[in-house]
Amino acid sequence: MGVTCVSQMPVAEGKSVQQTVELLTRKLEMLGAEKQGTFCVDCETYHTASSTLGSQGQAGKLMYVMHNSEYPLSCFALFENGPCLIADTNFDVLMVKLKGFFQSAKASKIETRGTRYQYCDFLVKVGTVTMGPSARGISVEVEYGPCVVPSDCWSLLLEFLQSFLGSHTPGAPAVFGNRHDAVYGPADTVVQYMELFNKIRKQQQIVFPHR
């Protein structure tokens with residue numbers, strides 16, 4: 001995989017989420033991008049079980065368990081303000097067995113689904129972010145395949161993003177700052193999706209309490 005930028009696209013004025021997605025994909029097709037199947041990224045939130053917190057009024061911690069269809073054999077567990085663990089898909093079964101320590105937050109499932117597009121060395125994914133039955137926002141992921149060091153290709157990525165996002169082009173992702181000259185990996189993309197999902201949750205004013 002290459003260096004990737006994940007961002008949120010605002011819904012166009014007077015348009016629905018789906019209509020805005022169609023406008024974006026039409027722009028990509030006009031640029032010459034070709035459809036390359038579909039993708040899905042999902043996230044479920046867990047909080048520390050109250051039985052593990054003791055009687056000191058300790059704040060619980062959140063953990064995000066995520067899947068990315070680009071890595072069908074992997075599961076990603078991101079701890080709040082902590083490391084990202086990459087495990088195999090049996091991790092989901094383990095979470096059921098750990099329910100005495102971590103409990104699934106109510107109505108916490110959030111995901112984005114959409115179409116993958118290939119344009120030269122760029123892989124673009126435009127997705128509809130949903131919580132339950134409702135569309136809540138739009139995700140845009142752009143990957144530049146030939147490069148694995150963010151500092152070597154951010155200007156190129158930015159130029160391409162500007163070509164179809166215009167004034168909604170994002171700044172450099174926070175994960176780039178942490179590893180500017182380091183090799184970019186799948187966990188960095190999942191962290192960006194976690195940040196995007198949390199941003200959309202806040203916009204919908206859905207906040208998970210620390211137990």
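Two strands are taken to pair if DSSP finds at least two bridges between them, where strands (E, at least two residues) and helices (H or I, at least four) are DSSP runs numbered from the N terminus. The legends describe a predicted model, in which local features need pLDDT of at least 70 and side-chain atom pairs count only at pLDDT 80 or more, while totals for chains, interfaces and linings use all residues. Residues are numbered from 1 along each chain as its sequence is written, and side-chain values use heavy atoms, with hydrogens and water left out.

View 1. Strand β4 (residues 74-79) is largely enclosed by the rest of the structure, because five of its six residues are buried, buried meaning under 20% relative accessible area, exposed over 50% and partly exposed in between (1.4 Å probe, protein chains only). With strand β5 (residues 84-88), β4 pairs in the antiparallel sense over five bridges, and F76 stands opposite I86 of β5. With strand β3 (residues 62-68), β4 pairs in the antiparallel sense over four bridges, and V65 has A77 of β4 as its bridge partner. In a regular strand the side chains alternate between the two faces of the sheet.

View 2. Most residues other than glycine have a negative phi.

**View 3. Nonpolar cores and the surroundings of M66.** A nonpolar core is a set of buried Ala, Val, Leu, Ile, Met, Phe, Trp, Tyr and Cys residues joined through side-chain atoms within 4.5 Å. The largest such core has 46 residues, and those with the most contacts inside it are M66, V142 and F164. Leaving aside residues up to four places away in sequence, M66 touches several residues, among them V41, C75, F76, L78 and F197, a contact being heavy atoms within 4.5 Å. A second, separate core of eight residues includes Y46, V65, A77 and F91.

**View 4. Aromatic pairs around F122.** Rings of Phe, Tyr and Trp (its six-membered ring) pair if their centres lie within 6.5 Å, and planes under 30 degrees apart count as stacked, over 60 as edge-to-face and the rest as tilted; by this rule the count comes to eight aromatic pairs. The rings of F122 and Y144 have centres 5.1 Å apart and planes at 40°, so this pair is tilted. Because F122 lies in strand β8 (residues 122-131) and Y144 in strand β9 (residues 134-144), the pair ties together parts that are 22 residues apart in sequence. F122 and F160 form a stacked pair, 4.2 Å centre to centre with 10° between the planes, and since F160 lies in helix α3 (residues 150-165), this pair ties together parts that are 38 residues apart in sequence. F122 is buried at a relative accessible area of 9%, as is F160 at 6%. Ring pairs link Y119, F122, Y144, F160 and F164 into a cluster.

View 5. C120, in the loop between β7 (110-119) and β8, has a positive phi of about 50° although it is not a glycine, and at 60% relative accessibility C120 counts as exposed. P146 is found in the loop between β9 and α3 and, at 53% relative accessibility, also counts as exposed. Although P146 and F122 are 24 residues apart in sequence, they lie 8.9 Å apart in space, C-alpha to C-alpha.
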